[in-house]
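Q: I would like a close look at one part of this model. Please keep it brisk.

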Amino acid sequence: MDREFIARGLQRSSPGRFLLWILPWAALLAFGLYCAGLCLAKGLNQTNMDNRFAFGLWIFLDLTVIALGAGAFLTGFLLYILKLDELRAVINSAVVIGVVCYSGAVSALMVDVGQPLRSWFTFWYPNVHSMLTEVTFCISCYLTVLLIEYLPIVLRNRKLRDVPSFLVFEHKLHNLVYVLAGVGTFLSFFHQGSLGGLYGVLRGRPFAFREGFAVWPSTFFLFILSAAAVGPSFILLTTKLVETLSRKRLVRPTVYSLLARVSGLLLAVYVLAKAVDTLVWINRTSPGHGFLASQYYSWKPFGTWILFAEIVVFGMLPALVMLTPRLRAHNGWLVGAAAMACGGVALNRFVMTVQTLALPTLSFDSFVSYYPSWQEVGTFLAVVAYGVLLYSFSFRYFNLFPEERELRLEAAVHEEESALAGRY
Amino acid sequence: MTPRKRYGMSIDIDKCNGCGACMMACAVENNVPPVPEAANDRKGITWIRVYRVDNHRAYPERRTAYVPVLCQQCGHDTPCVHVCPQQAVDVDPETGIVGQMPERCLGCRYCMVACPYHARYFNWWDPAWPAGMEKTLNPNVAPRMRGVVEKCNFCHGRWHAAQQKAAAAGKREIDAADYVPACVEACPTGALRFGDLDDPSTEVAHDAARPESFRLLEKIGTEPKIHYRSQRDWVRDIANAPHPDGKDQHRG
Amino acid sequence: MLPWIYGFDWNTGHIVFLGAFYAVLAAIAATLTAAAIRSLRAIRAGQTDAIRWHGDFESLPERDQVCRHVLTGEFRERQCPHAFDCRECETHAKLIERHPLAPVAGHEEDVSGMAFPLDRFYHRGHTWARLETDGTVLVGLDELGARLLGVPDALTLPQPGERTHANGAAFHIRRRNADVRVVSPVDGTVIETGSAGRGWYLRVKPDSTGANAFRHLLRGSEIRPWIEREIERLQLALTAEGTAPALADGGVPVSDIAAAYPAADWDAVCGEMFLEG
């Protein structure tokens, strides 16, 4: 029964082993849902957020998760609009990662707001000057786009494909996927940017405030760049992880190399832009508001080391590694650089959210700290567990890596050749 | 059409002795519920908060002062107004008062993040009053529900009552004496004054123009309408950005 | 959101923002609607089989999509752009005009011990079509196909009167875990069904028996290079299923290959050999 849903010629673990893999994640999901339920039923007093630390763990992780999910739009854009055909090997996986990241982030946000049932107000009475309005509109539209992009992957399932209307609809929808890729790119551009804009517009938080172009602060563009830079890195990482866990080859080394090149190039541009932005901010924007930049970094533990780590260690370094063919060819360097790039963006999002709120703005207020409560951590773990489960099911039942079967055959050829070479 | 006002407040820090009567009066007037036992000092609600500041000197040079901080009613680029995704915050063009509509609020708390003065408060709990105390609630002010943000609105209930009174008397403009926020009324030392900043005849307009008058974080350009003043240099220095060496400051 | 809702201003920001939003919604809705309408039309026009085949074809590895003229050595490298439907192919028309197929002596080709009679046309999905004297066409599994599926565990044939399309499903065979749709070589109407024992499965009244009707099928001297390549592919598929040592070089496939490799994932092997994705 189970086997009939698995694509032909793909080797997947037995239902029993799959169940064993699923169970702990399902348990984690159940615990996380309990935590989220507590927050919804009893209110946000279950968290350690407070009036000074009004945004906490969830916003930081949402921003990170959405940046990591940028691989879905970038891969779609490169494949369907710029016709980089090699990326066909990872597009399905990228879409699933996108669905996981965006739906997970939106779910966490629904727990994060005080009155989730009023979310539709934003659509009904939009304040078009608010970055959060832009984010809400774009993310909900883009999640819809991602779900529509996910649909053909589901309908291509071996068993579902037997239903003629599914088969035909999948085909016709897939023929129009470039429209969705275009719309997705447009939406991603704006919401990744607006997420950066969220903090960049905060005149009242000089640590985050940046000047910019037109209505957009510079963080708008930096967030787009950094998200686009780590999207491919995250796809690379997840694919490597799935390869390791499933003990299979899923994509060709050239695809990894391409992902790393794209990631490295964008990251290099980002690091450059970020460095310029930081200098402008330190020397002009912040002092202009009466805040000396040195002051921000004198509150322990947020010293200048964090700036150095963000730009040099987790930015320039991985960019250089990914742009150097000899280093990139080495699995350890490649994976390490991709992981560091992702870590760098997480650090950037941490700085923009958590550090911004920790710093005092009033001279008589103090530097505050915040540790998430177990309910907050649990709720986020639910998102992680949900992501792992959705990806696991997708990997088992849908053909996420179109070249998997072919790579197995190629491996067989190699085996045979070496066997023959041994014989004669 | 009633003439436009630009309501503001002046606070004489030198007169404030930190008694907290303003906080109390505010809570009673605006139906701010008592803080639940589980709350810490960062989770409770008070629309006006009195901070204690000092001059960072050791005894015997140590001097302290008290700074009441309420919504600063920013008049330019009001940070909370243009971040709210669903227009739950607005500036009343007639009064210049920054208003919060709790029934429109999603509870996203973006406005709290945007506010440089930490003058916005979130309802982390359902509002609850001890048995019998609900009888003391002000019928002119709606209590707020869990999960929404609230803040000082210069006692909107009082402004409304004053308007009704004026309308009943057939007048187009309210009598200034009819509209005084609860904190101003309650202050025993007369440190707080309230009125139309655009009217040069008012005390606040006069106070705001005095050389020892200052506003908090003026340089960020939000044009707050709360004007503090003090004769002491070190007190006037609190208007500026924080100094990292002042980490030992306490909050009231 | 809507002009009559509180807070809606007819200012530039509002119009640009909501304009973009509605444009995005319209694009998403239009895409879905277009896909739905096109699907309905395609189903009504009976294109389901063709779409299924194109899907199968696209999921084939590149080296399995090679043009028949690569098999015969006329091209060194060429991907088939027509999903093996040479009736649509201008290159093929030109090529066979310029270099007609060399005649083959005898009435059958023997490749690795398997007989391929020359009186019929072969589809690359291992079916054959033979034009009978009464104008009908018999459809059956070729020798390699028959050896792969051996004695079927189950057989699903269409009812007489049903339509069958070239490259669409002719019939389904189940053997071990393999559930194979066998590709039809011709367009036509089924008039009689056969069985494995009778050597053919369908008798079809073809839509056309003209010069172009069988152009997409292999014949004569094309058969040997094709089957030789197919044996290589089979060997590869068997190796991939971990059943090495597979057929020794020049070895003859046994009459029931499925029975000879009980450990192999027969579904995968058959999917590969019968060109089903």
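Predicted model: local features only at pLDDT ≥ 70, side-chain atom pairs only at ≥ 80, totals over all residues.

A: Residues are numbered from 1 along each chain as written, chains are lettered from A and ligands numbered from 1 in written order, and side-chain values use heavy atoms, without hydrogens and water.

Touching, or contact, means heavy atoms within 4.5 Å.

Phe154(B) belongs to the largest nonpolar core, of 212 residues. Such a core is a set of buried Ala, Val, Leu, Ile, Met, Phe, Trp, Tyr and Cys residues joined through side-chain atoms within 4.5 Å. Buried means under 20% relative accessible area (1.4 Å probe, protein chains only). Phe154(B), Tyr199(A), Met9(B), Tyr110(B) and Leu192(B) touch the most other members. Helix H6 of chain A, residues 131–155, gives this core its largest share, 16 residues. Helices are DSSP runs of H or I, at least four residues, numbered from the N terminus. Another core lies apart, with 50 residues, including Val137(C) and Trp200(C).

Now the chain around Phe154(B). Of the 252 residues in chain B, 55% are buried. Among contacts in chain B with a separation of 6 or more, 66% join residues 24 or more positions apart. The C-alpha trace of chain B spans about 55 × 45 × 35 Å along its principal axes.

Technical notes:
Helix = DSSP H or I, 4+ residues; strand = E, 2+ residues; numbered from the N terminus.
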